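The sequence and structure are shown first, and the discussion follows.

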2 protein chains.
Amino acid sequence: MAQKNRLKYILLGLLKDKSQTGYDLTKSFESDIGEFWTANHSQIYPLLKRMEAERLIDHKTSLVGEKLQKKEYFITETGSHTFEKWLKSPSEIDTIHDEFILKLYFIDDPQSVLLKQMITSQQSYHRDKLVHLKMQFKEKFPSSKQIKQHFGHSLVLRHAIEREQGYSDWLNEIYKTIK
Amino acid sequence: MAQKNRLKYILLGLLKDKSQTGYDLTKSFESDIGEFWTANHSQIYPLLKRMEAERLIDHKTSLVGEKLQKKEYFITETGSHTFEKWLKSPSEIDTIHDEFILKLYFIDDPQSVLLKQMITSQQSYHRDKLVHLKMQFKEKFPSSKQIKQHFGHSLVLRHAIEREQGYSDWLNEIYKTIK
DNA sequence: TTAATACGTGTAATTAATTACATGTTTTAA
DNA sequence: TTAAAACATGTAATTAATTACACGTATTAA
């Protein structure tokens with residue numbers, strides 16, 4: 001893909017908060033940050049090595065049990081600096097790859113039978129997503145205390161909820177128009 | 001990336017409408033469809049060859065001028081069938097890669113000075129996008145006649161506009177909260 | 001006690017996407 | 001008439017991302 005290697009900055013951001021193993025970092029993408037970025041361990045481990053070579057991070061090895069070696073990565077001064085620089089740099093958004101939008105583009109006829117089916121199926125898809133996101137918000141931000149502590153995260157989740165709400169509204173609008 | 005090869009279906013969709021050269025198809029991504037999908041010629045030409053090997057498309061060569069050979073691709077029965085099947089299949093949406101959202105996630109403090117700068121810069125970014133999209137809509141759909149002819153495309157553009165509007169609203173909300 | 005699950009780290013193979021390299025023709029406007 | 005821009009088609013190199021392969025340890029619950 002020849003992309004922009006934003007994963008690097010995510011790892012720096014996560015390590016800035018606390019030292020972690022590759023395994024820990026991988027798990028981050030199964031919850032919280034996984035809502036808006038994906039990465040798996042076979043992407044993370046090699047990247048950690050490269051980042052260490054760049055002196056952005058470092059690690060200390062510790063023993064769990066009697067044999068298992070754990071590599072605990074932590075951020076360096078250089079790493080912190082690189083991260084801060086990234087925060088201040090201009091942000092880009094990649095083209096949104098939405099397969100439904102793509103299909104819709106090719107539907108010329110408002111009375112197409114297929115269109116109705118496509119809309120209803122998308123409606124349930126996004127309804128589910130909305131429910132999921134609202135639950136996430138309730139779980140992570142039950143009170144204003146949590147919001148104050150992780151303000152950015154709360155904004156990001158709120159944005160996702162509003163986006164899904166907008167998507168659903170738009171779908172409902174179309175449905176009303178064509179039925 | 002090991003992706004889902006949706007480009008294949010886009011090319012089929014474009015060729016379903018009319019026979020085109022690789023060059024023509026490439027140009028499609030500079031306007032219309034380029035608003036929500038990207039592809040360049042070095043991705044398209046090899047894919048066309050593979051699609052021809054799969055008998056999804058075929059081509060006839062014509063001469064322009066005295067020497068220039070033009071390959072005009074057209075869709076086959078198999079191709080049409082494959083495209084229709086895709087339209088009926090479930091749609092997925094890839095994780096939205098928004099660098100600003102990513103950065104925001106790492107901002108814990110509502111009073112962060114950086115946050116204010118980040119918001120204002122994003123505001124202008126999305127304001128510009130919104131203006132651009134609205135202009136696109138006016139150009140492509142000056143009256144209901146065009147909407148009836150390319151209903152899906154109009155919905156897609158309208159969706160993009162509403163999404164940008166929502167993004168801007170959300171940013172303005174945040175700005176009000178933190179200032 | 002033993003089997004399943006979670007923890008932990010890595011490599012290999014494949015495919016997708018971008019940028020750069022490479023070449024030539026046709027048309028149009030100065 | 002000539003130079004620039006548009007037309008037209010390809011390959012090569014690089015990097016990113018996914019899936020699969022691969023190995024071993026520690027903990028927990030039946």
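## The interface between the chains

Between them, chain B and chain A bury about 6,000 Å², of which 69% lies on carbon and sulfur atoms. Buried area is the accessible area, found with a 1.4 Å probe, that two parts lose on being put together, summed over both. H97(B), Y105(B) and F106(B) supply 13% of the area that chain B buries against chain A, more than any other three residues.

This is a predicted model, in which local features need pLDDT of at least 70 and side-chain atom pairs count only at pLDDT 80 or more, while totals for chains, interfaces and linings use all residues. Residues are numbered from 1 along each chain as its sequence is written, chains are lettered from A and ligands numbered from 1 in the order in which they are written, and side-chain values use heavy atoms, with hydrogens and water left out.

## Contacts and contributing helices

In terms of contact (heavy atoms within 4.5 Å), 60 residues of chain B touch 60 residues of chain A. There are 22 residue pairs in polar contact between chain B and chain A, both residues being at pLDDT 80 or more. A polar contact is a pair of N or O atoms within 3.5 Å; within protein, one must be able to donate a hydrogen and the other to accept it, and residues adjacent in sequence count only if both atoms are side-chain atoms.

Helices here are DSSP runs (H or I, at least four residues), numbered from the N terminus. Several helices of chain B each supply at least two residues of the side that touches chain A, including α1 (7-17), α4 (77-88) and α6 (113-140). The most comes from α8(B), with 12 residues.

## Salt bridges

A salt bridge is a side-chain nitrogen of Lys or Arg within 4 Å of a carboxyl oxygen of Asp or Glu. The rule finds 2 salt bridges across the interface of chain B and chain A. E99(A) forms a salt bridge with R6(B), with the closest N and O atoms 3.3 Å apart.

Within chain A, K4(A) forms a salt bridge with D94(A), the closest N and O atoms being 3.1 Å apart. K4(A) lies in the segment before α1 (7-17) of chain A and D94(A) in the loop between α4 (77-88) and α5 (99-105), so this pair ties together parts that are 90 residues apart in sequence.

How are the copies related?
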